[in-house]
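Welcome, and please take a moment to look over the sequence and the 3D view below. We will then go through it together, part by part.

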Amino acid sequence: CVLVLGACQSEGGGGDSSVPAERTRVLMDSGPPGDAAGPDAGAEGCVARYAEPGPSPVGVRTLEVDGSPVEVWFPAAAAGTERARYDMREWLPAEAAASIPDEVAPIHETAAFTDVEPAAGRYPVVLFSHGLAGYRLQSTFLYTHLASWGFIVVAPEHPERGLTTILEAGVPSGDNAAAALRGSLAGLLASDLGAHVDRTRTAVGGHSMGTVAASQVAADDEISAWFTLAGAGFGVGPAKP
């Protein structure tokens with residue numbers, strides 16, 4: 001049984017074809033010891049295995065890369081005592097945020113722990129670009145799930161098309177997402193978590209408008225696989241900068 005993040009290539013028509021078809025790579029090839037869903041379990045067995053959280057507790061840290069926050073989730077050596085939480089008011093325009101009293105504040109508790117150390121070993125990386133009117137923590141349920149199965153997940157903030165900008169201006173102020181993904185990977189490797197990165201296995205993905213950034217980064221030499229979520233209608237940019 002394998003967990004695969006794959007790339008698709010159009011064989012004809014108007015789609016971009018500069019991402020090689022062989023960019024379908026296995027990023028994790030086994031489950032926990034004794035798992036009944038073995039190599040011959042088939043698709044149903046694989047789906048059943050990975051539907052539930054994995055065996056690793058999950059840690060989370062915020063890095064600063066080029067002046068912007070980047071969130072990193074990773075397999076932790078042990079569970080912590082404090083769950084990571086965030087307040088949605090952080091991504092609202094100041095006037096709107098001030099109108100929401102603390103007693104009804106939109107606080108979200110996640111499955112990750114703060115102030116924990118990474119587990120020993122090296123792990124594949126997943127870079128993720130959030131969508132239009134989104135924010136870097138928007139898909140925390142997915143990030144923590146992947147990290148529990150042995151991935152390091154990296155999500156930069158895209159303020160130029162984030163929730164605050166769209167609520168205030170109605171339109172993006174630009175698009176620096178592909179550069180932010182590349183910078184986030186460099187920032188991860190330069191951090192203390194870099195020692196836990198398997199540099200031979202890096203995937204990139206995105207949600208909605210984030211799929212454009214994912215497609216632009218997908219053909220970079222260090223990318224092993226790519227995937228998109230709800231990307232229809234946003235088109236595909238050039239696979240190489």
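Predicted model: local features only at pLDDT ≥ 70, side-chain atom pairs only at ≥ 80, totals over all residues.

**Starting from Leu188**

Residues are numbered from 1 along each chain as its sequence is written, and side-chain values use heavy atoms, with hydrogens and water left out.

Leu188 belongs to the largest nonpolar core, which has 28 residues; Val72, Val125, Leu127, Ile152, Val154, Leu188 and Val204 are the ones that touch the most other members. A nonpolar core is a set of buried Ala, Val, Leu, Ile, Met, Phe, Trp, Tyr and Cys residues joined through side-chain atoms within 4.5 Å. Buried means under 20% relative accessible area, exposed means over 50%, and partly exposed lies in between (1.4 Å probe, protein chains only). At least two residues of this core come from each of strand S3 (58-65), strand S4 (68-75), S7, S8, H5, S9 and H6. These labels follow DSSP runs numbered from the N terminus: helices are H or I with at least four residues, strands are E with at least two. With five residues, H5 gives the most to this core. Apart from it lies another core of 24 residues, including Trp91, Val126, Phe128 and Tyr143. As background, nonpolar side chains in soluble globular proteins tend to be buried together.

Let us stay with Phe128, a residue of strand S7. Phe128 counts as buried because its relative accessibility is 1%. Leaving aside neighbours within four places in sequence, Phe128 is in contact with Ser139, Leu142, Tyr143, Val154, Ala155, Pro156, Leu181, Gly205, Gly206, His207, Phe227 and Leu229.

Next comes helix H6. Seven of the eight residues of H6 (residues 210-217) are buried, so this helix is largely enclosed by the rest of the structure. The buried ones are Gly210, Thr211, Val212, Ala213, Ala214, Ser215 and Val217. They pack against strand S7 (123-129), helix H5 (177-190), strand S9 (197-207) and strand S10 (225-229).

Now for the charged side chains. How many salt bridges are there? The count comes to ten, where a salt bridge is a side-chain nitrogen of Lys or Arg within 4 Å of a carboxyl oxygen of Asp or Glu. Arg61, Glu117 and Asp192 are linked in a network of them.

Glu157 pairs with Arg136 in a salt bridge, with the closest N and O atoms 2.8 Å apart. This pair links distant parts of the chain, 21 residues apart: Glu157 sits in the loop between strand S8 (152-156) and helix H4 (163-169), and Arg136 in the loop between S7 and helix H3 (140-148). Both Glu157 and Arg136 are buried. Another salt bridge joins Asp175 and Arg161, whose closest N and O atoms are 3.8 Å apart. Asp175 lies in the loop between H4 and H5 and Arg161 in the loop between S8 and H4, so this pair ties together parts that are 14 residues apart in sequence. Asp175 is partly exposed, at 45% relative accessible area, whereas Arg161 is buried at 0%.

You will find Arg89 in the loop between strand S5 (83-87) and helix H2 (94-98). Its relative accessible area is 16%, so Arg89 is buried. The side chain of Arg89 forms a salt bridge with that of Asp87 (2.7 Å, N to O), and Asp87 is buried too. Arg89 also has a polar contact of 3.0 Å with the side chain of Asp102. A polar contact is a pair of N or O atoms within 3.5 Å; within protein, one must be able to donate a hydrogen and the other to accept it, and residues adjacent in sequence count only if both atoms are side-chain atoms. The backbone oxygen of Ile100 is reached by the side chain of Arg89 at 2.9 Å.

Note on methods: Contact = heavy atoms within 4.5 Å.
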